[in-house]
Each structure stands twice: as C-alpha cells, then as structure tokens.
Amino acid sequence: MNLFQNRRLVKAAAILSMILFLLVFSSIFITYLVFNDQLKQQLADTNMELLRQLDSKLELTLSNLDKSAIQLLKNEEVNRFFDHELDEQESRNNSFRVSNLINNVLNSTEQIFSIDFYSYSKQRLVSGNILTEQDMLQDFNWINQFVEFEGFSSWMPTHKVKMTHSNYPIYRNVVTLVRTYPLLHTPGSRKGAIAVNLKEDVLYNLIRNTDGMEEGQTFVIDSEGVVILHADKTKLGKDISEFPYINRILNGQEDGYFRSEVEQVNSSVFYVHEAYTDWKIVRIVPEDQLTRPLTVIRNGLIVLALVLFVVATGSAAMIGRWTYKPVNRVIRTMSKRLTVHPKQKYTDEFQYFESTVEHILQDREQLHMQVNESKPLLKWRLLSELLSNQRSSLQSVEHYMEWIGIRLHPDRFVVMSVDFDNKQEIASPRDLQLYAYALCNVAEELMNAENRGIAAEMDTGKCAVIMSFDASDEDKERYLMRAVAVADLMKSFVQEYFNRTITIGIGDVVDQVGAIRYSYKQSLEALRYKLVIGGNTIITQEDITSGQSPQFHRLLAMTDGMIASIKVLDADKLRQQVHRWFEAFAEHNVPPEMIVQLIVQFLMKASTVAVEIGVDTEEIFPEQYRIELLNQYERLEHLEQYTVNALDIFIERIKEKRSNREKNDVIDQVLLYIQTYYMRSDLSLNLLASEFRISVSHLSKLFKEQKECNFIDFLMEIRMNKAKELLAESEEKIRDIAEQVGYTNVNSFVRIFKKITGLTPTEYRNRAQSEDT
C-alpha cells in the first residue's frame with residue numbers, strides 16, 4: 001500500500017513539475033516577445049532624442065557665434081576699415097582698435113580661435129598685412145572662394161591653419177564661418193568679409209558622447225558628405241559620401257535611423273539635420289552594443305525562470321508527501337457523509353491542496369495591497385474618462401468613486417486647468433511631480449470644505465480639477481465665483497508654501513457629466529492665454545471672450561449687491577440700490593423686453609434666498625403670471641414701485657422666520673472673527689474650523705443654517721462692502737485696497753468686484769465721487 005502511494009506521489013510530483021515548467025517558461029517567453037519590439041523602439045527613440053538635444057546645443061552655440069560676427073561687422077571701426085580710405089597713421093590706429101575688439105571677443109569666447117577681416121578693394125587684412133599667393137592658398141583660401149559666392153554667409157568645411165610661423169609650423173583644425181560686408185548688398189557691391197575660425201575640438205566637445213550615450217561614435221558631416229567634426233582627427237575635411245550609409249543619409253529624410261553595415265559591422269545609424277548650417281549629426285552604434293540591454297534582460301529572465309522552476313520543483317518534492325493529509329481527511333469525511341460507501345479509500349497524496357489554499361490567501365493579501373497602491377492611478381483614470389466624455393453619468397462609476405473616496409454632486413460642474421509657471425526653474429521633474437501631487441491634495445481639501453471635487457496631475461506640471469456644486473442655486477455665475485475663490489486660495493497656497501506661482505484657466509459651468517469635456521476644453525483654451533495675459537493669474541472665459549449681450553450681463557450683475565442687502569435685511573440700502581438700477585435702465589435706454597427679463601431674473605434670485613429660509617414666495621411673486629404681471633405696467637416708476645414692494649414683503653417674511661430661529665454661540669463667534677480678520681488672504685473654512693475646534697463639515701452646515709449662504713459668498717460680500725467704502729472715501733491705489741480686503745491678486749479682486757457690483761473698481765469710485773459732488 002505504501003509503495004502504491006509513493007508511486008502515485010512521484011507521478012503527481014512529476015506532473016506538477018511539468019506544469020510548472022510549462023507555465024514558467026511560457027510566461028517568460030511570451031513576456032520577452034511582447035516587450036522585445038517595444039524596448040527596441042524605446043532605445044531607438046532615446047538615441048534620436050539625444051541627437052536632437054545635441055543638435056539644439058550645437059545650433060545655439062553656432063548661432064551665438066554668428067551673432068558675434070554680425071555685431072563686429074556693425075562696429076564703427078570695422079565700418080571705417082571697409083568703407084573709408086585711411087592714411088597710414090589712421091590705418092594704424094584703426095588696425096589697433098579693431099585688434100582690441102577681436103581680442104575682446106577671443107577672450108570672452110572659448111570656441112573662437114581667430115578672426116580675420118579682409119577688404120577686397122584694398123586687398124589686405126585689417127592688420128595691414130598683404131597676403132602672399134601661398135597664404136591665399138592655405139590659411140586664407142576662403143578669400144578667393146568667397147569672392148563670387150552668391151549668398152551672404154557660408155560655413156566652410158574643417159581645414160588646418162597655422163598656429164606658429166616657423167620652419168616647423170604647428171597646425172590647428174578649425175571650422176570657418178565667412179560672412180560678407182555689408183551684411184546685405186546687391187551683386188557686385190561686396191566690399192569685404194569676416195572669417196571666424198572656430199576650434200574644431202571645442203565644437204566636437206558639444207556633441208561627444210554623454211552619460212546617456214557611452215557606446216558608438218558621433219560625428220558631423222556637411223551637405224556634400226565632408227566630415228566637419230569627428231573624434232578621429234585624420235578624417236576631418238575628407239569626403240566620405242562614397243560610403244553607402246552616408247549616401248543614404250544625404251539623400252534620405254532630414255531625420256531618421258536605419259540599420260546598415262558600417263566598416264563590416266552591423267550597426268544602427270541615427271542622424272538629424274542641423275538646419276542652421278545644413279549639416280548632419282550622425283551617430284553609429286554597433287548592433288551588439290545597442291541590443292546589449294535586451295540581451296541582459298533576456299538572460300535575466302531565463303535565469304529567473306530556472307531559479308523559479310528549481311525552487312518550485314524542489315518545494316513540491318520536499319513537502320508534497322505531507323500536503324495531502326488534510327485533503328485526505330476532508331475527502332474521507334465528505335465520503336462518509338455524502339456517499340453510501342463509507343469505506344471508500346483515498347490516499348494521502350492530495351495533501352498539497354492545503355498548501356495551495358494557504359498560497360491563495362497570501363496572494364489575496366498581496367492583491368489587496370496592490371489595489372490600495374493603485375488608487376492614485378485609478379483616480380487619474382477616472383478623471384481622464386470624465387474629461388474625455390467616456391462617461392455620460394456618474395452612476396456607471398459610482399462604485400469606483402466610493403472605493404477611492406471621491407464624491408461629486410450630480411449636476412453642476414466646472415473644470416479648472418492648473419499649470420506651474422517657469423517650470424524650467426524647478427530642479428527636477430520629480431520635484432515638479434511632488435509639487436503637482438501636493439497641489440492636487442490641497443485643491444481637493446479646499447473644494448470639499450463646502451462643495452465636492454476631484455483633482456489629479458494630467459501632464460508634467462499640469463493638473464486638472466473638476467469642482468461640483470449642489471444645484472440649490474440656479475445662478476451659474478455664483479458657482480463660477482466660488483471656483484475663482486478656490487482657485488485664488490490654491491494660488492496663494494502655492495506662493496506661500498512652495499515659493500512658486502501657478503496660472504489657472506477656468507471653464508464655464510456645465511449641467512451634465514457629458515458636458516464636462518467642454519468645460520475642460522474651455523479651461524485649456526483659457527490657460528493658453530497665459531502667453532498674452534501673463535503668469536500668476538486666474539483666467540476665465542470672460543477674460544478672453546465677450547458675451548452676446550454685455551449690457552444684459554452688466555445690469556444683471558448689479559443685482560448681486562441687492563441680493564446681499566436682502567440677506568442682511570437692509571431695506572434702506574436695498575431701496576437705494578433698486579433706484580440706481582432703474583436709473584441705469586433709463587440712462588442706457590434699455591428695451592422694455594430686457595427690463596422685464598431682468599426684473600424676473602432678479603425676483604427669482606430673491607425668491608431663492610427666501611425659499612432657503614422657508615418662506616413661501618408663490619403668493620408674493622406667482623410663478624404662472626410673472627411676465628403678464630410685469631407687462632401690465634406702462635411706466636418705469638410703476639415697475640420700480642412694484643419691485644420695491646415685493647422686496648419689502650420678502651424682507652418682512654425673512655425677519656419673521658429668523659425671529660423663530662435659535663441663535664448659535666459658535667456661529668456668532670465665527671462671524672465676529674470674520675468681521676475682524678476679513679483682510680487675511682489665507683482666511684478659509686479650514687482655518688476657522690481649526691481656530692474654533694470643530695469639523696469643517698459641521699461649520700459649513702452651521703453657516704448655511706444661520707446665514708442662508710455659504711462661507712465664500714459671505715466673505716466676498718464683507719470684503720466687497722469694505723472695498724466700496726475704501727473706494728468712495730480714499731484715493732488709494734486699487735492694488736492697495738485689494739490687499740487691505742484680503743486679496744493678494746489684484747486681477748481676482750477686480751473680477752469679483754465687477755461680478756458683484758457690475759462695475760470695475762475705478763468705475764465705482766468715479767460714480768461714487770460724482771454722486772457726492
């Protein structure tokens with residue numbers, strides 16, 4: 001019996017070993033096949049990107065050197081050398097001053113070996129030297145070549161010039177830039193030229209192998225295939241266009257790569273076109289060097305597969321005989337209860353099932369840890385789908401949102417796009433990523449204080465923020481102002497704690513999940529206006545476009561101040577505001593249809609304020625007969641009187657409701673704190689919650705119950721009222737007044753002031769002063 005069980009155990013172990021072998025090696029093989037081509041393409045892209053960086057560095061250096069040559073040609077002393085006939089003393093003085101100019105350039109620019117000026121009319125150099133025929137053929141061969149040259153500048157191939165004049169001269173390899181004088185001229189009017197000899201070895205250092213390009217060789221050729229820069233100095237100035245791979249580069253696309261045989265070695269050839277000089281930067285990497293990382297990965301995978309297979313097989317062989325007992329017992333017990341053959345026999349070789357169950361439980365714990373680690377990625381994926389219209393409702397992703405701790409209101413959304421300014425000044429991409437991650441966390445905390453939202457980094461240094469609102473208020477402008485207020489707090493946070501600045505683009509408020517992408521597109525378009533408006537700003541659609549009816553929106557914005565007076569039950573101030581509103585109707589000759597529409601909109605906003613407290617507004621301003629009720633009046637004074645009467649009733653009903661409401665000591669202390677410290681730029685619901693030791697959500701609830709508005713609206717109202725007093729009573733600058741009422745950014749202050757009053761601060765000050773006089 002034991003022999004039978006051992007044979008079965010050996011057979012089971014052998015089968016298990018074969019299955020493990022097939023699983024491990026097939027997984028490794030498939031993994032290698034899938035990622036092999038992808039890794040090759042990434043290596044090729046890396047080499048091309050590094051070549052483009054070298055191209056940018058070389059082009060920048062050469063263009064700066066060319067600018068230096070142009071500046072020399074514009075010098076007055078150089079112009080005298082070319083344009084005037086000088087006597088011997090003047091010529092000597094001129095030569096001395098030009099030599100000083102040249103020495104200054106040579107001392108300040110390490111790439112330049114020498115500079116020569118040659119006058120074709122005087123047939124001599126600026127130094128006064130008359131060149132011999134041998135000089136014209138050697139160091140100054142550019143003079144004859146450039147006489148009939150049709151262009152205005154030329155980059156000549158690498159050649160040698162003498163460093164010392166002796167029987168055993170020393171030569172240096174240089175690349176010569178020749179530029180005409182005058183810089184622009186008609187054919188036949190060329191007076192001379194400047195030749196700037198650049199050190200070939202210094203230029204080559206700009207393209208030599210970097211830390212990311214240890215293998216292969218990099219060199220530069222011109223459009224004719226002549227070597228300009230090369231590590232092998234014996235190849236400088238030689239025409240290598242006869243080689244097939246060079247010929248393919250010259251006749252192919254501007255940039256690219258291909259595989260070819262170079263010096264009897266299979267290699268990958270990468271090249272880019274240097275547009276400034278019409279050169280080609282070429283990099284040749286042998287195939288065995290290029291694919292060395294792939295070979296290492298492949299060998300590592302094979303070794304890993306062998307180790308896993310040996311460990312798995314050994315473990316199965318060592319513990320296999322003990323792993324069957326519990327399963328044997330379970331099978332024996334089940335057979336006794338479920339079969340009519342209680343004496344049915346089972347062997348102990350299935351004991352390994354117990355171990356399998358343990359591994360399943362361990363894998364479950366590891367999977368749970370991996371899922372928690374992937375939550376940021378899932379949040380990014382969710383945000384991407386909402387912004388790209390892949391989700392038409394929140395119901396389809398509600399379980400994902402609950403899982404990662406995200407909540408959104410179902411039907412009021414606005415999207416903000418945030419970009420860090422001057423990203424090139426940030427030390428590393430990792431630092432920029434950390435800044436963006438912290439900013440997203442702060443944005444969610446600020447939004448969730450009174451609303452709901454989600455934020456994530458979408459690109460390097462760019463974040464997308466979706467802010468949602470409770471649809472209790474029909475005024476979309478109010479939602480937009482809340483978004484601007486949150487954006488201003490985000491901007492202040494980044495400036496205070498990161499010592500950085502950000503620019504925020506804000507889209508319009510939308511009503512559906514499927515329309516979020518339009519708000520996102522608008523926010524990105526607004527963010528592009530950073531180029532025009534400048535950084536460290538908040539840009540809305542109003543900043544970049546004008547509405548179809550600016551007069552309507554301006555007059556409707558004047559109602560915000562009246563709504564604020566209703567909330568504080570200031571009837572006298574409300575009557576004055578209504579009177580100024582109707583005076584604006586008459587002053588601007590507003591059409592009767594627009595007046596009726598404006599009054600309806602205003603009374604609906606007032607009704608919303610009253611309904612929030614529990615006042616029944618239907619009998620004051622019946623919904624079914626609003627237009628008919630207003631159209632029966634024939635004079636503006638009657639409409640004004642009707643509006644005032646309706647508002648007086650609203651105020652009386654609100655007073656009655658408030659008189660029955662219980663006072664709350666905490667909210668009174670909070671209101672006193674706000675009245676005292678409204679000028680603090682960091683004043684927020686989080687700060688108040690910390691100051692009075694209550695939760696943010698509870699404080700927000702108390703605020704809405706006692707003041708019938710949220711914290712941001714109340715704070716903006718206090719700040720704007722104080723700003724109005726300062727504007728009317730002083731001549732201080734708008735920027736100073738903005739800082740005194742708690743705004744670090746004057747653009748945000750002006751935007752909010754205009755939305756609430758319908759006037760810019762300057763217009764309000766002028767109107768207030770004219771009324772006083």
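Q: Helices (H or I, at least four residues) and strands (E, at least two) are DSSP runs, numbered from the N terminus. Where is Ser 63 found, then?

A: Ser 63 is in helix 1, which covers residues 2–73. Before going on, this is a predicted model, so local features need pLDDT of at least 70 and side-chain atom pairs count only at pLDDT 80 or more, while totals for chains, interfaces and linings use all residues. Residues are numbered from 1 along each chain as its sequence is written, and side-chain values use heavy atoms, with hydrogens and water left out.

Q: Got it. Is Ser 63 buried or exposed?

A: Ser 63 counts as buried, because its relative accessibility is 13%. Buried means under 20% relative accessible area, exposed means over 50%, and partly exposed is in between (1.4 Å probe, protein chains only).

Q: And what separates the C-alpha atoms of Ser 63 and Tyr 276?

A: 7.6 Å, although Ser 63 and Tyr 276 are 213 residues apart along the chain.

Q: Moving on to helix 2 and helix 3. At what angle do they pack?

A: About 135°, with the axes of helix 2 (residues 76–83) and helix 3 (residues 88–108) 9 Å apart. Axes here are lines fitted to C-alpha atoms, for helices over the stretch in contact, and angles run from 0 to 180 degrees between N-to-C directions.

Q: What does that make helix 2 relative to helix 3?

A: Helix 2 is oblique to helix 3. Angles under 35 degrees count as roughly parallel, over 145 as roughly antiparallel, 65 to 115 as roughly perpendicular and the rest as oblique.

Q: Which residues meet there?

A: From helix 2, Glu 77, Val 78, Arg 80 and Phe 81. Across from these, helix 3 brings Glu 90, Asn 94, Arg 97, Val 98 and Leu 101. By type, this contact has four nonpolar, one polar and four charged residues. Ala, Val, Leu, Ile, Met, Phe, Trp, Tyr, Cys and Pro count as nonpolar, Asp, Glu, Lys and Arg as charged, and the others, Gly among them, as polar.

Q: Which strands does helix 2 lie across?

A: Strand 1 (112–119), strand 2, strand 4 and strand 5, and helix 2 runs at about 40° to strand 1. Helix 3 lies across strand 1 and strand 2, at about 150° to strand 1. Contact means heavy atoms within 4.5 Å.

Q: What order do the strands take in the five-strand sheet?

A: The order is 2-1-5-4-3, in an open sheet with antiparallel pairing. At the edges are strand 2 (124–125) and strand 3 (153–162), each pairing on one side only. Two strands pair if DSSP finds at least two bridges between them.

Q: How many bridges link strand 4 and strand 5?

A: Eight, in the antiparallel sense. Val 178, for instance, stands opposite Ala 195 in strand 5.

Q: What's in the loop between strand 4 and strand 5?

A: Pro 182 has its place there, between strand 4 (171–181) and strand 5 (192–199). A cis peptide bond joins Tyr 181 to Pro 182, with omega about 0°. Most residues other than glycine have a negative phi, and most peptide bonds are trans.

Q: Then what phi does Asn 422 have?

A: A positive one of about 50°, although Asn 422 is not a glycine. Asn 422 is in the loop between strand 11 (413–420) and helix 14 (429–448), and is partly exposed at 41% relative accessible area.

Q: How do strand 12 and strand 13 pair?

A: Strand 12 (residues 452–459) and strand 13 (residues 462–468) pair in the antiparallel sense over seven bridges. Ala 455 has Val 465 of strand 13 as its bridge partner. Their hairpin has two residues between the strands, and Gly 461 takes a positive phi near 80° there.

Q: Last one: how many residues of helix 20 are buried?

A: Nine of the nine (residues 559–567), so helix 20 is largely enclosed by the rest of the structure. Among them are Asp 560, Met 562 and Lys 567. Leu 569 follows helix 20 and has a positive phi, near 60°.
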